[in-house]
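Good morning, everyone. Please have a look at the next slide, and then I will walk you through it.

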Amino acid sequence: MTGHRRAGLRRGVIELGHLLHNPKELAGHLSNVVVALVIAGYIGDEVPGTRTPMSHLVLAGFAAYLLFQTGLVNLPQMLVTEREEGALLRLRATPGGIPAYLIAKCLLIVATATGTLVLLLAAGALLVDGPLPHGPGDWLTLLWVTALGLLAVVPLGAAIGAVLPNPREALALIMLPTMGLLVTSGIMFPITSLPGPVQQVSSLFPLKWTAQGLRAALLPDSARAAEAAGSWELPLVAAVLAAWAVAGFLLAVPLLRRAARRESGSRLSARRRRVAADGAVPAGG
């Protein structure tokens with residue numbers, strides 16, 4: 001194992017430990033699970049054209065959304081915040097710093113997203129009779145869709161975090177398109193209930209395909225009737241998510257390197273003065 005990989009894994013383990021000892025951060029992830037369970041608990045209908053409970057479709061959709069949110073919302077905010085604090089400036093002086101940094105963030109996000117997914121599915125099964133895979137094939141589908149779904153968004157989230165402005169603006173810029181995809185990707189209701197053009201637009205993004213793959217893993221085969229193509233299209237799910245993963249990796253490393261090159265002591269000092277002037281921290285801090 002090369003040095004920057006070891007450094008990245010070591011840093012990722014340390015950051016994961018910090019997360020587990022941060023009640024505020026943990027509460028944020030747990031609140032997403034609670035919201036999904038509350039919504040699923042109040043839905044009593046069936047998916048149109050099937051005998052599958054609508055709550056099962058919603059939980060499968062929320063599972064996909066939690067993966068998507070962790071990689072494409074939480075990660076960019078984290079990167080922008082650390083850039084503002086001078087993390088990228090320090091990486092400039094570290095051989096292999098950018099790859100190691102990206103490995104650490106990938107480990108942190110994968111562990112966080114996987115833990116949240118396991119908690120959602122386990123709590124859903126215990127509290128609201130939520131869905132679980134029915135056999136070895138479904139468990140395998142759950143594993144590879146989760147892995148590819150994360151690979152499709154984590155590098156992309158890193159690339160977005162490298163170019164976004166300060167953390168406050170970053171949240172506003174990310175949340176609007178993310179909420180739009182939440183509505184249009186078949187998370188809360190069958191995607192076939194949406195207009196054709198909306199379905200075509202949502203099919204360009206990884207959330208729709210991650211949700212479809214997780215439905216294949218968690219719902220019975222009869223639920224395929226509610227899919228746009230009348231099938232799970234798992235080969236296409238894999239192809240689209242893999243394409244997003246490759247594109248994200250091709251963007252993430254050069255953009256992070258560019259962001260690191262642009263960092264300087266004077267830029268960092270200027271940002272801190274602006275923050276102090278805005279009253280976010282004491283001027284002496």
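I will start with the overall layout and then go through some individual residues.

A word on the source. This is a predicted model, in which local features need pLDDT of at least 70, side-chain atom pairs count only at pLDDT 80 or more, and totals for chains, interfaces and linings use all residues. Residues are numbered from 1 along each chain as its sequence is written, and side-chain values use heavy atoms, with hydrogens and water left out.

Now the overall layout. The protein has 11 helices and 0 strands. Helices here are DSSP runs of H or I with at least four residues, strands are E runs of at least two, and both are numbered from the N terminus.

How much of the protein is buried? Of its 285 residues, 45% count as buried. Buried means under 20% relative accessible area, exposed means over 50%, and partly exposed lies in between, with a 1.4 Å probe and protein chains only. The protein exposes about 13700 Å². Carbon and sulfur atoms supply 66% of that area. Accessible areas come from the Shrake-Rupley method with a 1.4 Å probe, and for residues only the protein chains shown count as cover.

Next, contacts. A contact means heavy atoms within 4.5 Å. Take the contacts with a separation of 6 or more: 77% of them are between residues 24 or more positions apart.

On to salt bridges. The rule asks for a side-chain nitrogen of Lys or Arg within 4 Å of a carboxyl oxygen of Asp or Glu. How many salt bridges does this rule give? The count is 2.

Here is one of them. Lys-105 forms a salt bridge with Glu-15, and the closest N and O atoms are 2.7 Å apart. This pair links distant parts of the chain, 90 residues apart. Lys-105 sits in helix α5, residues 97-127, and Glu-15 in helix α1, residues 3-20. Is Lys-105 buried or exposed? Lys-105 is buried, because its relative accessible area is 2%. Glu-15 has 13% relative accessibility, so Glu-15 counts as buried.

Now look at Arg-215. Arg-215 forms a salt bridge with Glu-227, with the closest N and O atoms 2.7 Å apart. That pair also links distant parts of the chain, 12 residues apart. Arg-215 is in helix α9, residues 206-218, while Glu-227 is in the loop between α9 and α10, the latter being residues 234-262. Both Arg-215 and Glu-227 are buried. For Arg-215 the relative accessibility is 2%, so Arg-215 counts as buried.

Stay with Arg-215 for a moment. A polar atom of its side chain lies 3.1 Å from the backbone oxygen of Gly-186. Which residues does Arg-215 touch? Leaving out residues up to four places away in sequence, Arg-215 touches Leu-57, Ala-60, Gly-186, Glu-227 and Trp-232.

Aromatics next. A pair of aromatic rings is described by the distance of the centres and the angle of the planes. Rings of Phe, Tyr and Trp (its six-membered ring) pair if their centres lie within 6.5 Å; planes under 30 degrees apart count as stacked, over 60 as edge-to-face, and the rest as tilted. The count by this rule is 1 aromatic pair. Phe-205 and Trp-244 form a stacked pair, 6.2 Å centre to centre, with 25 degrees between the planes. Phe-205 is in the loop between α8, residues 196-202, and α9, and Trp-244 is in helix α10, 39 residues apart. Phe-205 counts as partly exposed because its relative accessibility is 29%. Trp-244 has 21%, so Trp-244 counts as partly exposed too.

Now a loop residue. Thr-52 lies in the loop between α2 and α3, the latter being residues 54-84. Thr-52 is buried, because its relative accessible area is 2%. Where does Leu-219 lie relative to Thr-52? Thr-52 and Leu-219 are 167 residues apart in sequence and 7.5 Å apart in space, C-alpha to C-alpha. Among the residues that Thr-52 touches, not counting those up to four places away in sequence, are Leu-219, Pro-220 and Ser-222.

Last stop, the surface. Val-34, Val-38 and Tyr-42 make a nonpolar surface patch of about 350 Å². Patches are made of residues with over 30% relative accessible area and no salt bridge; like charges are joined within 9 Å, and nonpolar side chains (Val, Leu, Ile, Met, Phe, Trp, Tyr) within 5 Å. Val-34 lies in helix α2, residues 23-41. At 47% relative accessibility, Val-34 counts as partly exposed.

Conventions
Polar contact = N/O pair within 3.5 Å; in protein donor to acceptor, adjacent residues only side chain to side chain.
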